[in-house]
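Please look over the sequence and the three-dimensional model together before reading on. The report below is meant to be read alongside both.

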Amino acid sequence: IVFTSFKDDTYAGDTNADGTNTSPTAGDWASIKILAAGSIIDRSVIKYGGYKDGSSNHWANLRVEDYSAAIKNSTIQKSGAYGIWFKNAFGTIDTNTISENNANSNIDSTGIIIEGGSPVTSNNTISSNYYGLRVLSSATSTISNNTFTSNTSFAAESNGAYPSFSGSTASSNGTNGIGLQGTVQQNYTLGADIPYVIQNTTYTIDSGKTFTIAAGAVIKLQGTGAISANGKIVTNGTSANKVVFTSIKDDTYGGDTNANGSANSPAAGDWLNLTFNSTAASSTLNYAVIRYGGDTNVLNPDDGAIRLKTTSIDILNSTVEYSYLYGIWTQNSTSTTISGSLVQNHSDSTAETFYGLYLTSSSTPTIANTTFRSNETNIFTDGTSSYTNGGGVVFE
């Protein structure tokens, strides 16, 4: 079943009887809008719709709003803006081909956009759009087993939303990852999938909320990319599947996320930091790897990959390495525990001094079974700070 432009001679011939004088283009017609429950779109082709009107009344080849629908086994292409738009809607988007919704490289062009609601989105091939998929406005979608290829920007993006991602594959996209933006305003678990990317923005966890990161999840950051915890962060890594925070240039974990091959390599200060603020008590980094943070920009003087500000956390079975100036920086952190961990490779050839652990303002952590290796200075304490050696502390 085909829905297409009046100018499209590919299906049913030259309907507008003008020979080859006109060709179909994205946005030739408005949209299919589903505004009631129970619709099914199955084995259909929808092309050249998505007229981008100023009131945003159309914008998509297929728009489902406020109700439930099933979209399956269909091909949705060449929209003027969005291929599929689920707005405060539910249902399923399953086993579709969603491609070439990329009119004139318009940054609004997206294969699937989910704004609110919680549709299940699975087994789709999403290619050659500007964004592959975007999840916005507190949507709680389940997104699984989708293939993202050759999308101009991110494979997928989550902005102010709480989707559950799993089973994705991504190749030849502008960024082979899932962009993260916004503020976590409810308890939320981030599952393991293709890498998540925080690019020149701060991803914030609200006070009283818990942000849990599943074993095997990789979060890559860039520039002023940072995570600021006013609430609680818990990494549920294991010895076999650690939770990783690293540079977008680091291909060691999660592959070539910035899609530039070996054109650049990660370095200390590639991203800003993980900051735990005064209301972030009881956060735990367990089986985590934190690499290449600290940021070298003088306009962002908060050096150090992990920063504790008037709070204490547990850093367990983790590795902190290749940070700019400080691996871990603490201020008035009275009961932090660092155990079973490795703090290493904080050094360079300049006159600046790099530190594995920097203690200020009456910081008094307990350190046990932890190795400090190849740091210019392993541990610095100001006149008000000290640490308790719980045994097994090694300096190499």
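What follows describes the chain as a whole, then its strands, and then its nonpolar core.

This is a predicted model, in which local features need pLDDT of at least 70 and side-chain atom pairs count only at pLDDT 80 or more, while totals for chains, interfaces and linings use all residues. Residues are numbered from 1 along each chain as its sequence is written, and side-chain values use heavy atoms, with hydrogens and water left out.

**The chain as a whole**

The chain has 44 strands and zero helices, where strands are DSSP runs of E with at least two residues and helices are runs of H or I with at least four, numbered from the N terminus. Along the principal axes, its C-alpha atoms fill a box of roughly 85 × 40 × 35 Å. Of the 396 residues, 52% are buried, meaning under 20% relative accessible area with a 1.4 Å probe and protein chains only. Among contacts (heavy atoms within 4.5 Å) with a separation of 6 or more, 52% join residues 24 or more positions apart.

**Strands and their pairing**

Two strands are said to pair if DSSP finds at least two bridges between them. An open sheet of eight strands shows parallel pairing in the order β21-β24-β27-β30-β33-β36-β39-β42. Because β21 (183–184) and β42 (377–381) stand at the edges with a single partner strand each, one side of each is left without a neighbour in the sheet.

Strand β29 (residues 243–247) is mostly covered, with five of its five residues buried.

| Strands | Bridges | Facing residues |
|---|---|---|
| β26 (residues 218–222) and β29 | four bridges | Ile 219 and Phe 245 |
| β29 and β32 (residues 288–291) | three bridges | Val 244 and Val 289 |
| β30 (residues 274–276) and β33 (residues 306–309) | three bridges | Phe 276 and Leu 308 |

**The nonpolar core**

A nonpolar core is here a set of buried Ala, Val, Leu, Ile, Met, Phe, Trp, Tyr and Cys residues joined through side-chain atoms within 4.5 Å. The largest such core holds 72 residues, of which Ile 227, Phe 245, Phe 276 and Ile 290 touch the most other members. Phe 245, the bridge partner of Ile 219, therefore belongs to this core by the definition just given. Leaving aside residues up to four places away in sequence, Phe 276 touches a set of residues including Ala 229, Ile 233, Leu 285, Ile 306, Leu 308 and Ile 313; Leu 308 also stands opposite Phe 276 in β33.

Note on methods:
Buried < 20%, exposed > 50% of the residue type's maximum accessible area, 1.4 Å probe, protein only.
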